[in-house]
Amino acid sequence: MIVMKKKMQYINTILFCILLLTGCGTETKQNKIEAEVKATGENIPSETKEFFSMDTYMTVTAYGLNAKKAVEQAQSRVVQLDDRLSTGKEDSEVSKLNNTSRAKLSDDTFYLMNKALEICDTTDGAFNPAIYPLMELWGFTTGEYKVPTKRERYKLLANMNPQNIKLHENTNKVAFANEGMKVDFGGIAKGYTSAEIMDIFRENGIESGMVSLGGNVQVLGSKTDGSLWRVAIQNPETEKDYLGILEIKDKAVITSGGYERYFEQNGKVYHHILDPLTGEPAENGLKSVTIVSEDGVLADGLSTALYVMGTEKAKKYWMNHSDDFDVVLLTEDEKLYVSEGIETSFETDYDVNIIRNGKLR
Ligand code: ADP
Ligand code: MG
């Protein structure tokens, strides 16, 4: 029997927002928004919109004179990006590229292609945008799940060499050198979207705002009273609890885990983050990976990549790139590793193992 479970992202989103605003979850969200604005002692206009796009519930909040305009522009931008990047939409740029092996892309999609290949390179292929045919094989694209044979998997793995994706910088044209290649930006699209929303906020003079895309959060500046945003990190074990709370400003906080989307067959769980070495769901000792970075796209790509790498490689990767991001790793055996850059800004009830990079501070 096959059962599909997608996490109750709406409930999570609400939990996140409450925590973002207050750090506790007893009153309604609307009450808390009002409470916070009053608490600042100023009358700063604010606007919040909740909507469903990119297969997830989103909340966008801005504080400032142009808050309403900024949030409306953010929503239109999300719709535009979804139209360009969605593999589920037949006429998206990504679908056109996948169906015909070539396409002239918008700046958005071309930029993401470049970023995806860069992250593929620095992660030794743990993140690989050419994963899409395998996502199809497992049925994650249609909901018609099946566990493929080794032979079926290896046939597709042989056609995932990123060097067969040819980019023409001046024209934004992309072509696949091999038939049957298909790309999927599902591992970075939401991080790009939240980063773009931060740009829209800045263009509108907004100095304080936040977006939560199905639990992936990015914040601009600090809260209106000058204090840091408090962002809860999901606990993969339970929907009611969280791993801990991060105090941040100007950062994206993005979590990946096998618990987000999966199906079960004969008592075994198969999730949606695939290991490009085996073509199977990554099972390398991690339950979840949270990346904290100023760069939303990088945070999203690395949350997927480090989950694939597993604990030891993920720690090492952070040590070699500690200027670019921080990380929270939860292992299958419930150990929590936190990189030293967020040692003092992460509160948790877990015993924490700090990952240090050995550099003088
Ligand atoms: P979520 O979609 O739950 O936010 P992720 O950011 O980890 O989680 O992205 C998972 C998505 O990334 C998958 O649904 C699929 O589209 C894509 N993906 C799966 N495995 C890989 C991989 N090894 N490299 C790149 N993209 C992947
Ligand atoms: Mg990701």
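**View 1. The largest nonpolar core of the predicted model has 78 residues.** A nonpolar core is a set of buried Ala, Val, Leu, Ile, Met, Phe, Trp, Tyr and Cys residues joined through side-chain atoms within 4.5 Å, where buried means under 20% relative accessible area with a 1.4 Å probe and only protein chains considered. The residues with the most contacts inside this core are F185, F201, L306 and V327. Its largest share, nine residues, comes from helix α9, which spans residues 296-309; helices are DSSP runs of H or I with at least four residues, numbered from the N terminus.

**View 2. The neighbours of F201 include V60, T61 and A62.** If residues up to four places away in sequence are left out, F201 also touches A70, I206, G209, M210 and L220, a contact being heavy atoms within 4.5 Å.

View 3. Because D300 and T304 are four residues apart in helix α9, about one helical turn separates them. D300 counts as buried at 5% relative accessibility, and T304 is buried with a relative accessible area of 16%.

**Notes.** Residues are numbered from 1 along each chain as its sequence is written, while chains are lettered from A and ligands numbered from 1 in the order in which they are written. In this predicted model, local features need pLDDT of at least 70, side-chain atom pairs count only at pLDDT 80 or more, and totals for chains, interfaces and linings use all residues, while side-chain values use heavy atoms, with hydrogens and water left out.

Key. Buried means under 20% relative accessible area, exposed over 50%, partly exposed in between (1.4 Å probe, protein chains only). Helices (H or I, at least four residues) and strands (E, at least two) are DSSP runs, numbered from the N terminus.
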